[in-house]
Amino acid sequence: MKNFKKLLNFMEGYRIIYLFGMISILISQILTTATPLILRTTIDSIIGDEVINSSTIQKIVDFLGGKEFLKEKLWIIGLLLISVAISRGIFLYLKNTLASKSAENTTKKIRDKLYDHIQRLPYEYHVKSETGELIQKCTSDVDTIKRFLSIQLVEVVGSMFMLIFILYVMFTMNIKMAMISIIVLPITFLFSFIFFTKVKKAFEASDEAEARMTTTLQENLTGVRVVKAFSRQKYEVDKFDEKNLEYKDLTYKLIKNLSAYWGLSDLLSMSQVGFVIIVGSYLAYEGELSLGSFVAFVSYINMIIWPVRQMGRTLTDMGKAFVSLKRIDEIFAEPIEILDESNHKPNIRGNIEFKNVYFEYEENKPVLSDLSFNVKAGETIALIGPTGSGKSSLVHLLPRLYEYNNGYIKIDGIELNTIDKSWIRKNVGLVLQEPFLYAKNIRENIRLANPSLKDEKVIMAAKTASIHEDIKSFESGYETIVGERGVSLSGGQKQRMAIARTIINDCPIVIFDDSLSAVDTETDISIRKALGSRKNRATTIIISHRISTVAEADMILVIDKGKIIQRGTHNDLINEEGLYRRVYTIQNSLDDEVINA
Ligand SMILES: Nc1ncnc2c1ncn2[C@@H]1O[C@H](COP(=O)(O)OP(=O)(O)OP(=O)(O)O)[C@@H](O)[C@H]1O
């Protein structure tokens, strides 16, 4: 019931259309069941001389000119049958279009809402969630709901209605014959329901095997460079073959089960039809059943047997829609991130103060402890330290991707967590180590945050990031499409693109999270020089494992296990015992080896 309510909420604006779709299927079912009744009346009362004992049918006969008139002009009945068939066709068309219109619009709304909600979920949620599962929820789960609305629900309601209507007509025609006609129906229904409930697991197993096969394929295609580089083709082919075989075996087993079911179900249904024909013809011979009623019974039994056989499957499939609804609801239950909670948008110059800052992802497992430091607007600080020491976590606090647990961070003297998230994110530019480029051209990628920026600005940003010359060397220059369907850029080119994309926004605070790792030392120096010589210099935070990258910073913080273990300029730090000097010595001797080689 709760699920239906949820679905009804999503259907807002399309409920009336859906209702008309339902009414259309009911009318089309009435018209379907009318045909055998017309045949029966024609055989028994128009051609034969049995009395018409239904006042409604009598009225219709009178309207058409009376018994004698119709007997002379049987073609009118032919026309009537054709009109019923045409009307039925029209109502079926209406049912399909109206139900589909409502289902398509409802599911479009669900997809839009889901997409919107996912965009507003916090960074933390996206770090933890699996992309594949999110995509599945937005596509196949939504499709399951669409099938439920556009096909299954109308089918079940229509079949139920037809069943009740036909049973009523059959019982009013001849009780004994009606009992005989429906004797196998409960068995057929139960057989179908039990079978499809049991086979549900086999359907799921086949679906899961297909998903595993697709994941293997996707992984292989995404990591094809690694496969080639490590000569893993044979291993990959064997792995895929295994998944492919598993999928084939499970699907074949399922199809064998289904074939056995439809075979047995056919046997049951045909026995029922045969039984009705044998008993009906005997009763007709004995005079207990009119010829017209006999024809009507045979038609009716054929009409109801298929929906009853199908019902078990439809009912079990309908269960899937509620599972999908629940899965989608899990996303909606995730609280969204409020970006403009206080409307506090102070002018940001770039002074940063950390005071006794503590931060943890999981309770009682601090990743950053007791961090205190100051950076003046326009200064450059560098963070260096072993992997996992907390450098990225530290810089993620500044754009408020995560909230610190203790102490405070102030920007220009204002506590960071009072400033609007959307505002602070506009003012803090973050360049990641592995940048993601969209399947757009280079110009669009660089001015992603503000598509109205002029070409001169794009070129200036590209020059500062030392990528302009590379772009010029491409055949289509700034029009070159990059990303998945475009040209391949080297790791360093991608990083420089990401740098250009961030600095074009002129943020007062810019963070480079190991985002110079793939560029050579010379380019690294020229980027930093270009950044330093810009007017309105931004406060810059550089994370790097390379001493040469951090050496010129106004202040270097050496981080280990979430704590600042050393601080100072390059000259201070190489003159004191500690991690910085050890790293410096190692990197220096490596450089000497390279030079002497
Ligand atoms: N989203 C997260 N949830 C839980 N723990 C996390 C999360 N992100 C990072 N960590 C943990 O926090 C610690 C610090 O990670 P962080 O990425 O800040 O280190 P880092 O110094 O930037 O490392 P690297 O130099 O390798 O990038 C690590 O132990 C890491 O496993």
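**Close-up views of a predicted model**

**View 1. Pairing of strands E4 and E5.** Strand E4 (residues 406-411) pairs with E5 in the antiparallel sense over two bridges. Strands (E, at least two residues) and helices (H or I, at least four) are DSSP runs numbered from the N terminus, and two strands pair if DSSP finds at least two bridges between them. Ile411 stands opposite Ile414 in E5. This is a predicted model, in which local features need pLDDT of at least 70, side-chain atom pairs count only at pLDDT 80 or more, and totals for chains, interfaces and linings use all residues. Residues are numbered from 1 along each chain as its sequence is written.

**View 2. The open sheet.** Four strands in the order E2-E1-E4-E5 form an open sheet with antiparallel pairing. Strand E2 (366-375) and strand E5 (414-415) are at the edges with a single partner strand each, so one side of each has no neighbour in the sheet.

**View 3. The shell around the ligand.** Residues around the ligand (C-beta atom, placed from the backbone, within 6 Å) include Val127, Tyr361, Val367, Lys391 and Asp514. Helix H13 (residues 391-397) gives the most to this shell, with three residues. By class, the shell residues are three nonpolar, seven polar and two charged; Asp, Glu, Lys and Arg count as charged, Ala, Val, Leu, Ile, Met, Phe, Trp, Tyr, Cys and Pro as nonpolar, and the others, Gly among them, as polar.

View 4. Residues 16-39 are 100% helix and 0% strand, with end C-alpha atoms 36 Å apart. For residues 74-94 the values are 95% helix, 0% strand and 31 Å between the end C-alpha atoms.
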